[in-house]
Amino acid sequence: MSDITSPPKRRNSAGLRRDLELLEALGTQEAISSQGLGVVRLAEISNRDKGQVSRTLSTLADAGLVARDPVSLAYRLGHQLYALAARTAEAQLVHVAMPFLRRVVSATHETTHLCVLRGDSVLTLTSELSEHAFRGLGWEGVSTSIWRTSAGRVLVSTWSDEELSQMLEANGGDAIVSSPAPQIGTATRGDSVPASNLKVTDAESLIREIELIRSRGYATVDEEFEIGVVGVSAPVYDFRGNLVAALNVSAPKARLGGHLDEAGTFVARVAREFSAALASPSK
């Protein structure tokens, strides 16, 4: 019996390339405008046998990388591919954000958050904590209301009036916090906030608030999300000029309440510099 062991099998890079060819084909304008491509068309594009293409697509579908329309039987890019891409983009966003978050904390001495839209909620990607004992803890990964938060209002500030009205109609009754979060100090969060505190109560007031955000470049909340807590947020744009995140500062009203506009102006300036670091066109 020979002592010579067989070398490890090499990864089938040719097979991976063929899989990627199909994914790239499903990302073309033809596939997008047609809402997917069938096996025959994908076989033509890839110059492969229909049976091979069909088997490959079935494997990719099992992994969530493609999805098949049950009526047209056409394939399109799947949810898992978008989820992976989103996580990659968000990781890069957090990486670029950190020096800007630290700069805001250094200047304001308050906790700063980087927030994005995720579905119908605002998601906190990361936070930079202040040195104060009273500070926001555990907000990473927590989803909150769009219309009751300064970050949420900033994140929808490029939406049309119709889109804003539809969002409020669909989500106006949702929970203020849609995933678990710890209590912050003695603040009271959510439905116990009196209606008299709210600047936004209907579509008309939401649209009016969004117009104000657009004109001054930042949003404020004053005890609308939590009793005793105020906040400011400003928009962050990517290299395509798309609004991709909000830079947020939240703090006890006793510390920041008398300086909201000053803080908003400063955060907006840092958010513009953050946008420039993402190669955003001038806003």
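**Sheet pairing and core packing in the predicted model**

Strand 4 pairs with strand 5 (residues 143-144) in the antiparallel sense, over 2 bridges. The structure described here is a predicted model. Within this pairing, Val122 has Thr144 of strand 5 as its bridge partner. Strand 4 is also joined to strand 3, by 7 bridges, and the two run antiparallel. In that pairing, Leu117 stands opposite Val122 in strand 4. Strand 3 and strand 4 form a hairpin in which 2 residues lie between the strands. Gly119, in the turn of this hairpin, has a positive phi of about 65 degrees. Strand 4 is mostly covered, with 7 of its 8 residues buried.

These pairings belong to an open sheet of 6 strands, arranged in the order 5-4-3-8-7-6 with antiparallel pairing. Strand 5 and strand 6 (219-222) stand at the edges and have a single partner strand each, so one side of each is left without a neighbour in the sheet. Further into the order, strand 3 pairs with strand 8 in the antiparallel sense over 5 bridges. Here Cys115 stands opposite Ala246 in strand 8.

Helix 10 lies across strand 3, strand 6, strand 7 and strand 8 of this sheet, and runs at about 25 degrees to strand 7. The packing of the nonpolar residues was examined next. The largest nonpolar core comprises 30 residues, and those with the most contacts inside it are Leu93, Leu114, Leu247, Val267 and Phe274. Two or more residues are given to this core by each of helix 5 (79-108), strand 3 (111-118), strand 4 (121-128), strand 7 (229-237), strand 8 (243-252) and helix 10 (260-277). Helix 10 supplies the largest share of the core, 8 residues. Another core, of 20 residues, lies apart from it and includes Cys115, Leu155, Met167 and Ala219. In soluble globular proteins, nonpolar side chains tend to be buried together.

When its neighbours within four places in sequence are left aside, Phe274 is in contact with Leu93, Val96, Ala97, Phe100, Leu114 and Val236. A search of the whole structure for aromatic pairs finds 1. This pair is formed by Phe100 and Phe274 and is stacked, at 5.2 Å centre to centre with 15 degrees between the planes. It links distant parts of the chain, since Phe100 belongs to helix 5 and Phe274 to helix 10, 174 residues apart. Both Phe100 and Phe274 are buried.

Two local features complete the description. Arg148 lies over the face of Trp147, at 5.5 Å from the ring centre. Gly228 is located in the loop between strand 6 and strand 7. Residues up to four places away in sequence not being counted, Gly228 touches Glu223, Ala251, Pro252 and Lys253. The C-alpha atoms of Gly228 and Ala254 are separated by 7.6 Å, although the two residues are 26 apart along the chain.

Terms used: Residues are numbered from 1 along each chain as its sequence is written. This is a predicted model: local features need pLDDT of at least 70, side-chain atom pairs count only at pLDDT 80 or more; totals for chains, interfaces and linings use all residues. Side-chain values use heavy atoms; hydrogens and water are left out. A nonpolar core is a set of buried Ala, Val, Leu, Ile, Met, Phe, Trp, Tyr and Cys residues joined through side-chain atoms within 4.5 Å. Buried means under 20% relative accessible area, exposed over 50%, partly exposed in between (1.4 Å probe, protein chains only). Helices (H or I, at least four residues) and strands (E, at least two) are DSSP runs, numbered from the N terminus. Contact means heavy atoms within 4.5 Å. Two strands pair if DSSP finds at least two bridges between them. Rings of Phe, Tyr and Trp (its six-membered ring) pair if their centres lie within 6.5 Å; planes under 30 degrees apart count as stacked, over 60 as edge-to-face and the rest as tilted. A charge sits over a ring if NZ of Lys or CZ of Arg is within 6 Å of the ring centre and within 35 degrees of the ring normal. Axes are lines fitted to C-alpha atoms, for helices over the stretch in contact, and angles run from 0 to 180 degrees between N-to-C directions.
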